[in-house]
Amino acid sequence: MSTRDVTGRWEGIFNYPRGMAPNGFAAELVETAGAITGETHERSDAGADHGDTLTAAVDGERIGSAVRFTKRYHALTRAHAVRYDGTLSPEGDEITGEWTIPGVWSGSFIMVRQPGCEVPVEASVGAEMR
């Protein structure tokens with residue numbers, strides 16, 4: 001039996017709900033026993049830091065194909081947390097879902113694993129007895 005974790009480099013796009021252009025992002029994720037940590041990088045598209053590169057810490061989990069994580073920006077101008085709820089494709093190369101800033105707004109997102117960054121995790125199902 002084989003399952004794929006989300007460790008690796010990802011490129012993504014998140015969509016806004018109110019007519020704003022989508023924004024791209026990059027993510028470096030590490031999964032250990034279902035726990036996800038990492039960092040994202042994206043271009044700021046509004047506010048005082050418009051045009052700057054924003055970084056954010058990521059922490060969350062993967063249970064089966066369900067991937068959930070929270071992104072917390074390092075920039076003081078972005079004090080809010082963003083919740084991502086998605087589904088890992090059977091091939092382990094895409095995560096699609098919805099992002100939410102609770103009580104404010106939400107939109108869709110897609111992340112694509114960059115080639116060569118896939119990490120299969122092998123699970124032993126049993127041992128042969130002699």
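This is a predicted model: local features need pLDDT of at least 70, side-chain atom pairs count only at pLDDT 80 or more; totals for chains, interfaces and linings use all residues.

A residue is termed buried under 20% relative accessible area, exposed over 50%, and partly exposed in between. By that rule P17, at 44% relative accessibility, counts as partly exposed.

**The whole chain**

Of its 130 residues, 34% are buried. The chain exposes about 7,500 Å², with 55% of that area supplied by carbon and sulfur atoms. Among contacts between residues at least 6 apart in sequence, 39% join residues at least 24 apart.

**P17 and its surroundings**

Next, select P17, located in the loop between strand 2 and strand 3 (23-32). Which residues does P17 touch, not counting those up to four places away in sequence? They are W99, W105 and S106.

**A nonpolar surface patch**

Move to I13 in strand 2 (residues 8-14). With a relative accessible area of 40%, I13 is partly exposed. Select I110 and V112 together with I13 to display a nonpolar patch on the surface, whose accessible area is about 200 Å² in total.

Side chains of opposite charge can pair when their charged atoms come close. The model has 5 salt bridges. For one of them, select E42 and K71, whose closest N and O atoms are 2.9 Å apart. E42 belongs to strand 4 (residues 35-43) and K71 to strand 6 (residues 66-73), so this pair ties together parts that are 29 residues apart in sequence. Are these two residues buried or exposed? E42 is buried at 4% relative accessibility, and K71 is buried at 2%.

**A salt-bridge network**

Finally, select R68, R83 and D85, which are linked in a network of salt bridges. The side chains of D85 and R68 meet at 3.5 Å, N to O. D85 is in strand 7 (residues 81-88) and R68 in strand 6, so the pair ties together parts that are 17 residues apart in sequence. D85 also forms a salt bridge with R83, the closest N and O atoms lying 3.4 Å apart. As for accessibility, D85 is partly exposed at 32%, R68 is partly exposed at 31%, and R83 is partly exposed at 32%.

Conventions
Residues are numbered from 1 along each chain as its sequence is written. Side-chain values use heavy atoms; hydrogens and water are left out. Patches are made of residues with over 30% relative accessible area and no salt bridge: like charges are joined within 9 Å, nonpolar side chains (Val, Leu, Ile, Met, Phe, Trp, Tyr) within 5 Å. Accessible areas come from the Shrake-Rupley method with a 1.4 Å probe; for residues, only the protein chains shown count as cover. A salt bridge is a side-chain nitrogen of Lys or Arg within 4 Å of a carboxyl oxygen of Asp or Glu. Helices (H or I, at least four residues) and strands (E, at least two) are DSSP runs, numbered from the N terminus. Buried means under 20% relative accessible area, exposed over 50%, partly exposed in between (1.4 Å probe, protein chains only). Contact means heavy atoms within 4.5 Å.
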